[in-house]
Amino acid sequence: MPDSTTALTPERLYGSPSLSGPAPRGVKFSPDGKRVTFLKGRPDEQDRLDLWQFDVQTGVQSLLINSQLLQPHDAELSEEEKALRERKRIAGTKGIVDYSWGTADTILVPLGGDLYLVTLDEGGPQVRRLTDTDAFETDAKVSPKGRYASFVREGALHAIDLESGDESRLSPAAEPDKAISYGVAEFVAQEEMHRFTGYWWSPDERYVAYTRVDESAVDIIPRFDIEADKVSVIAQRYPRAGRPNAVVDLFVRDMATGETAQINWRKDDWGAATDQYMARVNWLPDDALVVQGVDRNQTRLCRTLFSVPDGTRTAMGEERQPCWVNLDTDFIAFAPKSHGRDSVQPVHVLTTTEASGFRHVACLNRRGEAHAVTTGPWAVDKVLAVLPEDDAVLFTGHADTPLERHLYKVPLSGGEPQRITAPGESWAITMAADGKSFVGTSASPGQPPQVGLYKADGSLVAWIEDNRLDETHPYAPFLPDHAMPEFGTLTAEDGQDLQYSILKPPGFDPSKQYPVIVEVYGGPHVQTVVNEWGRVSDQFYAREGYILFRLDNRGSANRGKKFEDVIYRRTGGPEVRDQLVGVDWLKSQPFVDAGRIAIQGWSYGGYMTLMTVLQAPEGTFAAAAAGAPVTDWRLYDTFYTERYMDTPDDNPDGYEASSVFPYVDNLTTPLLLMHGMADDNVTFDNTTRLMAALQEKGKAFDLMTYPGQRHGIRGEALQVHLLKTRMAFLERHLKPDRRKQS
């Protein structure tokens, strides 16, 4: 390993300030477009977030709300809030973790379980506390015209009239003894559909739609929340594969009259209420409601338009797939510049569909009649805006390369997309409501994320955070040894391309042989081989003398349905064979020590780690580290599992072959298992059952469990511990000579 000016230690890797530099998150435009607001961690405590603003006209950035001044002491989070933060992947953050704009000068800020309204004026922000209760207020929003602050408290929907200060309950009270709640998103909606809310305001605030969630049919899976000094038993409603789901009903309340009407969104031919999913709810400008429902098999997604308040329903098209339908969040209603012969109200909807085999933009009218806006063998990521006056659509996607996400513009009638953002890096975009400007976050392997305000044509207006790698940057001491990844393509057994990246140690000598870590995820909806700033932990591994290798096997995201669908009804098969293609390639390289290759991964990556070492020929791997792995899909939730596997009754052979347990006898590779002992996603019994099976077979393994931790291991101290645990394990098995010398 080459000498480094400054050692990159685990403690510095996870310490403050972040080595990737300041990273604004939760970026939003004010309703009038005059401000850009965002959350930013502190230099001395990167996980504590404060609210900042950027003045578009002056280019001045300033702190709006200091979270610690507003709340000096961290609040004890409710179980619901802990679960929601875990679902949103923001667990471990402190301070202000969310906010929402109201009017052009008001912002709603949830903090410590209570709500605060921030009013912006010339004298500075004025803060008004809206709630002060022992209960936790969650899912807080400002209604579209700024009259109400709404939220869920104790399983019921509430609202505060911001002018009078009066609070009212908009839904019936929850019935915990009957497992009934209102205005919330059930577990699979949050975890798997990325629907984190259970209520929706109409654009004119006349109506609010909300859910009634009945979880009485959902199995209670006792979860032992094992902490350092206590054990709590959480009676978690967790719908495992093949078991009943929650029943989700939808109601609309008329805010003028207080009357409530039920929306009959389910389809009669789809079976029981526990076999139908309410995926999306959207309002049109004229107070019509569009509900997207998915059947239990997840091969049909139907859009239904409801007139409010009478509830008259009209079919608005559907998508069918032979394997499964992927959900999207694309729904932009607009009035086209010219609507031709469409005699119905000229409200069209921009969405996306995978009907062609790749996700593409489509334009729907109220009858569900569609025309394709984009086409081709590449994937759209998200629709961002429609510009009716220009007859154009703005979207992000991968038209140039699957390794980079860019902003594109395309005629509404269809045509060749025009790339707006600069190549050679990958982009995340927040678009202004009028589509005339955007906040772009760009990153490349040699440049950590930069955030700028841009005109719609891609020209830079001003940096919000230029994050330049100069001598003042936190990463500057480590820059001389910064390793850049190389990208390449291998071929799967069916002829499809597999993208890979390889990161070599600083001072790489091609005449030497190096140990390799294969970092794997391999599951749906994730792409790991991308042309952007990587995890700084990758640099740590490289500086320790390891080659780091990633390969996006079939089943991974952003490559189209043909690439994904190979895992249908049999996971842990095609993905494993693809990973072994990567290992075979590694072994053919003269600079790789074929006897010192390890594999590691977390969550689906933990599952892939196990399935790969258990199905690979003996001696393929020198070590394997699996974190929070699914070990049997019968233990995982309905919506995710059945999308790819159908139910256990429909596909018993597939479930058996996709479990790790039939292959336990094959274990010869040194194995490290890691799991949070309070995991409410991949529950801890996935690992305890594997532990028991390995012990019965006389198979040795290493184990590290984390009391009180959920699916992710949070906090600086524990992240350091986890990395050191992995490194000690890898050093023992990939660098035995170094261990002997020490």
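Colleague: Which residues of helix 8 are buried?

Modeller: This is a predicted model, so read everything here as computed from it. The buried ones are Tyr604, Gly605, Gly606, Tyr607, Met608, Thr609, Leu610, Met611, Thr612, Val613 and Leu614. That makes 11 of the 12 residues, and helix 8 is mostly covered.

Colleague: How do I picture the side chains along a helix?

Modeller: An α-helix has 3.6 residues a turn, so residues three or four places apart point the same way. Here, helix 8 runs over residues 604-615 and reaches 16 Å from its first C-alpha to its last, close to the 16 Å expected.

Colleague: And what about backbone angles? Which residues have a positive phi?

Modeller: Most residues other than glycine have a negative phi, and most peptide bonds are trans. In this model, His194 has a phi near 55°, and Glu205 has one near 70°. His194 sits in the loop between helix 4 and strand 15; Glu205 is in the loop between strand 15 and strand 16.

Colleague: Is His194 buried or exposed? And Glu205, buried or exposed?

Modeller: His194 is exposed, at 52% relative accessible area. Glu205 has 8% relative accessibility, and buried means under 20%, so Glu205 counts as buried.

Colleague: Where are the cis peptide bonds?

Modeller: One joins Ser16 and Pro17, with omega about -5°, and Pro17 belongs to the loop between helix 1 and strand 1. Another joins Val308 and Pro309, with omega about 15°; look for Pro309 in the loop between strand 23 and strand 24.

Terms used:
Residues are numbered from 1 along each chain as its sequence is written. This is a predicted model: local features need pLDDT of at least 70, side-chain atom pairs count only at pLDDT 80 or more; totals for chains, interfaces and linings use all residues. Side-chain values use heavy atoms; hydrogens and water are left out. Helices (H or I, at least four residues) and strands (E, at least two) are DSSP runs, numbered from the N terminus. The expected span of a helix is 1.5 Å times one less than its number of residues. Buried means under 20% relative accessible area, exposed over 50%, partly exposed in between (1.4 Å probe, protein chains only).
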